[in-house]
Amino acid sequence: MNDRDDTKPATKVVTAGRRKEWTSGIVNPPVWRASTILYDDVAHLRAAAGRDTHHRLFYGRRGTPTQWSLADALTELEPGAEGTFLYPSGVAAVAAALLAVLSPGDELLLVDSAYDPTRGFATGLLRRFGITTSFYDPMIGTGIADLIGPNTRAIFMESPGSLTFEVQDIPAIVAVAKAHGIATLLDNTWATPLFFPAIARGIDYTILACTKYVVGHSDAMLGSVTAGPGRFAALRDTSFQLGQHVAPDDAFLGSRGLRTMAVRLRQHQESALAIAGWLDTRPEVSAVYHPALPNCPGHENFVRDFAGSSGLFSFAFAGGDDAARTAFIDTLDLFGIGYSWGGYESLAIPIDPQRHRSVTTRADTGLLVRIQVGLEDTSDLIADLERGFAAWGAAATV
Ligand SMILES: *Cc1c(COP(=O)(O)O)cnc(C)c1O
């Protein structure tokens, strides 16, 4: 499947998935829209129904070269991966991956710093279907072994964690899981395969909210699950049964975004490090939670395991109240106020992670802001943040 295994990731994002038979030589894999596929005669119709539909036109729900090309590209970015399935959102990808490995009576171990809708799926639909979830401390490492019971079937990781950015000891958890025959799943949206090649590190299912860095332009929703060796059939069967399908137009936007992902990530990394470092020197700030900065929980895991950092992190104010935090955010011009991240534009939102935790608490009580650093000039972003701090100072001292 992957004939260019030796090339670097920045090359792969350019070349991957662009098979000649899917593009006819057109540079960007075109949009093939379809529901009905017509057959020459009944014999061909019957033959099509009886064989594997992978990478064969069959019916629109099974995709066209537009979706196959993106899925294949994401597989190529994960050395050792068996295949990728696309979903209409990151949350749909999380749900399908969990349903591919869990059955009634099973137990899931879910990191306490998981994206809130992932928690919601576990405590909602999974619970309704008789699957129990135990939350664990993101810093648990090999201690995960103590939580494994007779019904534990899957360990779900997200590293760094949503909102609080704890970097998990993934190799330690993978080793424990393998020793017990337990499936591992990782939400790898923050690092992408460029900064953390999850399948090569032994993860069974790696999940991306492609809505973020793959699409990269805040104009489409998309998710993916890439499966490790021997894991793709279960994922594909489950996803077919769920009727999952991605519109070819959205797959096209994902493919188009992917081509610049390496160069965008390089700039997100550089700019976010500059802004995080600058925030760390500010008297208004008590802590910056960025995996590449030493006071971020799990920083040593980040240094050991990751090839780079992306553009999302959070910081805590030294004092002040919610009104001061709101004044800070409302004053910003270049940082938009809105959910999601991974686009080219900067964002800032207030976050209150304690609302989404059940087994861990933060030592630091400062109010938090989550920052997505976009592709604007960092000196303009810093000037904007300075205006925000002036407004914060005025509000905090009233
Ligand atoms: C946004 C996000 C998701 C969900 O992706 P959607 O495409 O918005 O459904 C999943 N995991 C993480 C870490 C995210 O930030």
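Which residue in E7 does Ile-207 stand opposite? In this predicted model, Ile-207 stands opposite Val-225 in E7. The two strands involved are E6 (residues 205–208) and E7 (residues 223–227), which pair in the antiparallel sense over four bridges. E6 also has E5 as a partner: three bridges join E5 to E6, and these strands run parallel. On that side, Asp-187 is the residue opposite Ile-207.

For E1, the partner is E7, in the antiparallel sense and over five bridges. Within E7, Ala-227 is the residue opposite Gly-83.

Ile-182 sits in the loop between helix H7 (170–180) and strand E5 (183–187). Is Ile-182 buried or exposed? Its relative accessible area is 5%, under the 20% limit, so Ile-182 counts as buried. Its contacts, leaving out residues up to four places away in sequence, are Ile-148, Thr-152, Arg-153, Ala-154, Ile-155, Ala-177 and Asp-204. Phe-156 is 26 residues from Ile-182 along the chain, and their C-alpha atoms are separated by 10 Å.

A further open sheet has four strands in the order E8-E9-E11-E10, with antiparallel pairing. Strand E8 (285–289) and strand E10 (347–351) stand at its edges. Each has a single partner strand, so one side of each lacks a neighbour in the sheet. Here, neighbouring strands are turned by 25° against each other on average, direction ignored. E8 pairs with strand E9 (residues 312–317) in the antiparallel sense over four bridges. Ala-316 in E9 is the bridge partner of Ala-287. Helix H11 (residues 261–280) packs on the sheet and touches E8, E9 and strand E11 (368–372). The direction of H11 makes about 10° with that of E9.

H11 also receives residues from helix H10 (residues 248–258). The buried residues of H10 pack against H11, helix H1 (9–15) and helix H4 (65–76). These buried residues are Pro-248, Ala-251, Phe-252, Gly-254, Ser-255, Gly-257 and Leu-258.

Helix H13 lies across E9, E10 and E11, running at about 170° to E10. H13 (residues 322–331) also packs with helix H14 (residues 378–396) at an angle of about 150°, with their axes 8 Å apart. The angle is over 145 degrees, so H13 is roughly antiparallel to H14. Their crossing is right-handed. H13 contributes Ala-324, Arg-325, Ala-327, Phe-328 and Thr-331 to the contact. These meet Leu-385, Arg-387, Gly-388, Phe-389, Ala-391, Trp-392, Ala-395 and Ala-396 in H14. By class, the contact has nine nonpolar, two polar and two charged residues.

Methods
Residues numbered from 1 in each chain as written. Predicted model: local features only at pLDDT ≥ 70, side-chain atom pairs only at ≥ 80, totals over all residues. Heavy atoms only, no water. Axes fitted to C-alpha atoms, helices over the stretch in contact; angles between N-to-C directions. Parallel < 35°, antiparallel > 145°, perpendicular 65-115°, else oblique. Left-handed = near helix turned anticlockwise from the far one by under 90°. Contact = heavy atoms within 4.5 Å. Nonpolar A, V, L, I, M, F, W, Y, C, P; charged D, E, K, R; others polar. Buried < 20%, exposed > 50% of the residue type's maximum accessible area, 1.4 Å probe, protein only. Pairing = 2+ DSSP bridges.
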